[in-house]
Amino acid sequence: MLSTRRFGDIQRWSQTLIPTAKEAPADAEAPSHKLLVRAGFIRRVGAGIYDYLPLAWRTLNKISGIVRDEMNAAGACEMLMPALEPFEFFEGTKRDVDYGDNLFRLTDRHGRVNALAPTHEEIITEMMKGSIASYKQLPLNLYQVQTKFRDEARPRSGLLRGREFIMKDAYSFHTKAEGAGGLTETYEKMRTAYTNIFTRCGLDFSIVEAEAGPIGGSASHEFMVNCETGEDTILRCSKTGYAANVEKCGIGERAWSFDGEPSGDLETVPTPGMASIEDVSKFIKVKAPNMLKTIVLSIDAEHGGGWVVAVVRADHEVNEGKIKDAIGFPVAMADETEAKAAGFAIGFVSPCAAKTVGAKLVVDPDAAQGMDTAKGKPYFWATGADTHDHHVKRFNWRRELGDFLDSENTIVADIRNARAGDPSPKAAGATLTEGRGVEVGHIFQLGTKYSEAMGFLVQDESGDRNAVIMGCYGIGVSRTLAACVEMSHDDNGIVWPMALAPYHVLITVMKIDNEEHMAHATNIAKGLSEAGFDVLIDDRDDRPGSKFKDADLIGIPIRLTIGDKALDQGGVEFKQRTDTGKGEIVALGSITTRCIDAVSSQ
RNA sequence: CGGGGUGUAGCGCAGCCUGGUAGCGCGCUACGUUCGGGACGUAGAAGUCGGAGGUUCGAAUCCUCUCACCCCGACCA
């Protein structure tokens, strides 16, 4: 007969490795990094490489356990692929170029080049290609929990951005996008599964629209743990609840017009060696919102080559993805030498360069202003003079560019990053607010990018062979651990949610040489274990103060203190990590019940 | 890759300017006194001063080169 009962672990502090420290290493900056090191969860081995000590590994296993539960429930199947891959796999899909130096390469004894996998689209597609030939075998959704390798230019913040990290990656395969068995259906299932996963983990998170990045593909959503120390900026519509990554977030309608009388004669001013907006702004005493930032971008040869001149207000940031959407093909920051050779005075370019040098002009609505409507007078603009070391004041769109603004070479479109206060793209009158987050999950609709590149075709009902439609779904397991700490800690240490805590209950024994105390600890632990709790008994021969400090530091949700004080009243002291005051005395016989109550009231 | 910074005991740091053979706090070991929010005393152990080369009678200290790591940015997710 199968056992359906789960017994929790009982372990003793003296028999595991929890090297806590009073002080964090000097080079740690992020709260999660400091606390995870201080609490004995992780140890740095090299830049972006860490040991996961017993406590960390327990929590990581809890995270992946929840991930497996929900993935399996959503119809996905777990497998495991190698981390070491022949380099040709990446050359085939050009991801060796896309990932660039982020791809770890190593040469084996025969001189063959291999890669340490940053993700597994190529490997799984190759594997599926050899296993699936008919539409009847699809859809399928396969996943693994595995170590990934990315040679980050700048690993940082402990586990938040490592070069070696644990990831759950899932890949789904379909013969159609819509309908039963289609990509969209699985994508939605994954979105639900991820929502369940992060909810069960006890995390405060947001689902946001996102850019796909080098993974490729179309629709994509990110799951962000909300916390102020996060690297990502999230924008939210105050009315609809719409949220998006700053890279992706659209901006609502903004009125614009190039028309308006000049505020005066064009005046050229010397700005020697002033490359940055900040320097120029101070030097010529014009505030950034009254300056135009002009960026030169190049179109690659595949799309006909040529230049794009993008103009935004100087206090705004251009968004290359949005420029791509505006003009219809991808652009990249121009090579400085090439752009100079073409006639652009890099650092001192004005919108006029689009006309004189010959380029498409793309202008953000906030920059496409002839009149300063708020002030009811002509808009004062300063910008580059198209001459080295010079800028101009009182730039006027109509006077400077005339009909060029009406030509097919000029486009006015949203090409900048959104920021707090901008109009929402989802509801008229609503504005956007800004928050920060840590990306812990990302789901993508890949489409046929990999299947086409690798020739993964299957036959449909009529015998035609079509490229398989794919989706992929990632969760940063080790990053989730760190993000949870970023989100949930106080001055004394980590505050684990019950679901991710390495142990649910910590039993602090005041006098370990008192046999009665130890016997109580063992009995209580046994009872809790039978109820499914993981229990850590602090049986160290240490003073109470240190033990309490360590207890708070490692953040176990429930602490039971066994000492004379409570025992004299026939019980033990019960205290949750989130409780501020004194603990309550709980009778020996009701401890398990009290702990169960604590869990269910969470 | 650009800018800034740091490498001295397990951790946090001083010593370097002005060369003379390494010290403080925490932690660790032993003993004693303590014992409910990081105790105290006494005695100890522990360091290729990141590495290589150079200058010098003598280098943690001065010079050159190099490596590693951290932070900001670029980049990336």
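A nonpolar core, as the term is used here, is a set of buried Ala, Val, Leu, Ile, Met, Phe, Trp, Tyr and Cys residues joined through side-chain atoms within 4.5 Å. Buried means under 20% relative accessible area, exposed over 50%, and partly exposed in between, with a 1.4 Å probe and protein chains only. This is a predicted model, with local features needing pLDDT of at least 70, side-chain atom pairs counting only at pLDDT 80 or more, and totals for chains, interfaces and linings using all residues. Residues are numbered from 1 along each chain as its sequence is written, chains are lettered from A and ligands numbered from 1 in the order in which they are written, and side-chain values use heavy atoms, leaving out hydrogens and water.

Chain A splits into domain 1 (56-80 + 117-249 + 435-485), domain 2 (267-412) and domain 3 (503-600), with bounds that come from an automatic or database domain assignment. The centres of domain 1 and domain 3, taken over C-alpha atoms, sit 40 Å apart.

Now for the cores. The largest nonpolar core has 60 residues, and Leu36, Phe41, Tyr194, Phe198, Trp496 and Ile554 have the most contacts inside it. At least three residues of this core come from each of domain 1 and domain 3. A second, separate core of 27 residues includes Leu292, Trp307, Trp397 and Phe404. In soluble globular proteins, nonpolar side chains tend to be buried together. As for Ile554, leaving aside residues up to four places away in sequence, its contacts (heavy atoms within 4.5 Å) are Trp13, Ile18, Thr20, Ala39, Phe41, Leu55, Ile494, Trp496 and Leu536.

Six strands make up an open sheet with mixed pairing, in the order 1-31-30-32-33-34. At its edges are strand 1 (10-12) and strand 34 (584-587), each pairing on one side only. Neighbouring strands are turned by 30° against each other on average, direction ignored. Helices (H or I, at least four residues) and strands (E, at least two) are DSSP runs numbered from the N terminus, and two strands pair if DSSP finds at least two bridges between them.

Strand 30 (residues 505-509) runs parallel to strand 31 (residues 535-538), the two pairing over four bridges. Val505 has Val535 as its bridge partner in strand 31, while Thr508 has Asp538. Strand 30 is largely enclosed by the rest of the structure, because five of its five residues are buried. Val505, Ile507 and Val509 point one way from the strand, Leu506 and Thr508 the other way.

Helix 14 (residues 515-530) lies across strands 1, 30, 31, 32 and 33, at about 170° to strand 30. Helix 17 (residues 591-600) lies across strands 30, 32, 33 and 34, at about 10° to strand 33. The axes are lines fitted to C-alpha atoms, for helices over the stretch in contact, and angles run from 0 to 180 degrees between N-to-C directions.

Away from the sheet, Arg254 sits in the loop between strand 13 (243-245) and strand 14 (267-270). Arg254 is buried, with a relative accessible area of 10%. Its side chain makes polar contacts with the side chains of Asp364 at 2.8 Å and Asp414 at 3.3 Å. Here a polar contact is a pair of N or O atoms within 3.5 Å; within protein, one must be able to donate a hydrogen and the other to accept it, and residues adjacent in sequence count only if both atoms are side-chain atoms.
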